[in-house]
Amino acid sequence: MAATSVSASSIAISHSVVRSHLPARNHFNLQPSSAFSLRLTETRPRTKPVVSASASAALEVVDQAPASATPSKTLPFRVGHGFDLHRLEPGYPLIIGGINIPHDRGCEAHSDGDVLLHCVVDAILGALGLPDIGQIFPDSDPKWRGAASSVFIKEAVRLMHEAGYEIGNLDATLILQRPKLSPHKEVMRANLAKLLGADPSVVNLKAKTHEKVDSLGENRSIAAHTVILLMRK
Ligand SMILES: [Zn+2]
């Protein structure tokens with residue numbers, strides 16, 4: 001999108017599904033849902049590699065049913081990336097990878113605020129070409145409100161299997177200034193592998209500080225990145 005003119009494009013946004021009508025990007029047949037989707041229809045050739053500030057785009061809301069992970073394009077591998085960040089506040093438990101880590105503060109969130117599990121879910125959903133965790137599991141839905149993040153992982157894994165994929169490998173990086181995670185890394189990794197139903201050898205976990213700068217480095221937030229490779233079963 002950034003490399004093309006949008007002046008003659010029609011963009012439709014609904015609540016949970018991001019879908020492009022460009023053939024090369026339309027991986028899934030997602031059923032109509034009550035959620036949100038981004039639809040791009042190009043009406044002229046991509047000749048201008050500039051996004052104009054005066055671009056005219058039509059915005060349209062589309063109602064759609066819950067996403068179904070039925071891929072229309074079968075690929076041997078699919079890669080996904082997940083990112084998450086939570087604010088750290090005193091008075092909350094710090095739960096990472098389903099493990100309660102002793103600390104003077106934790107994540108303020110409607111769920112258990114598990115930054116690692118959330119970004120792993122987003123990586124799986126991203127690999128499947130599905131919308132993100134907030135759209136698949138909206139906190140406005142009583143079904144998901146206050147749910148343990150392991151519930152989200154299990155649902156993402158179910159969608160992955162339904163689409164015909166299994167985990168190849170996963171690499172995650174946690175970013176926080178304190179506390180040191182090295183004493184907890186193995187138990188977090190083992191628990192994550194168990195939740196995913198994957199062999200621990202394909203689940204890698206790293207942690208680093210933020211050099212005492214910005215909110216991450218000042219013990220005011222925690223973030224995580226995950227890259228995952230899915231393989232066709
Ligand atoms: Zn989160």
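## Exercises: a nonpolar core and a zinc site

The largest nonpolar core has 49 residues. Those with the most contacts inside it are Ile96, Ile124, Leu128, Ile153, Leu174, Leu192 and Leu196. Such a core joins buried Ala, Val, Leu, Ile, Met, Phe, Trp, Tyr and Cys residues through side-chain atoms within 4.5 Å. The model is predicted: local features need pLDDT of at least 70, side-chain atom pairs count only at pLDDT 80 or more, and totals for chains, interfaces and linings use all residues. Residues are numbered from 1 along each chain as its sequence is written, and side-chain values use heavy atoms, without hydrogens or water.

**Exercise 1.** Find which element gives the most to this core.

*Solution.* Start with helix H1, residues 115-127. H1 gives the most, with ten residues. Next, check burial (under 20% relative accessible area, 1.4 Å probe, protein chains only). Twelve of the 13 residues of H1 are buried.

**Exercise 2.** List the contacts of Ile153, leaving aside neighbours within four places in sequence.

*Solution.* Contact means heavy atoms within 4.5 Å.

**Exercise 3.** Identify the protein donors of the zinc ion.

*Solution.* Take N, O and S atoms within 2.8 Å of the metal (3.2 Å for Na, K and Ca); water is not among the atoms, so sites may look incomplete. The donors are Asp84 (OD), His86 (NE2) and His118 (ND1), 2.0 to 2.1 Å from the zinc ion. Now place two of them. Asp84 lies in strand S6 and His118 in H1, so the pair ties together parts 34 residues apart in sequence. Both Asp84 and His118 are buried.

Technical notes:
Helix = DSSP H or I, 4+ residues; strand = E, 2+ residues; numbered from the N terminus. Buried < 20%, exposed > 50% of the residue type's maximum accessible area, 1.4 Å probe, protein only.
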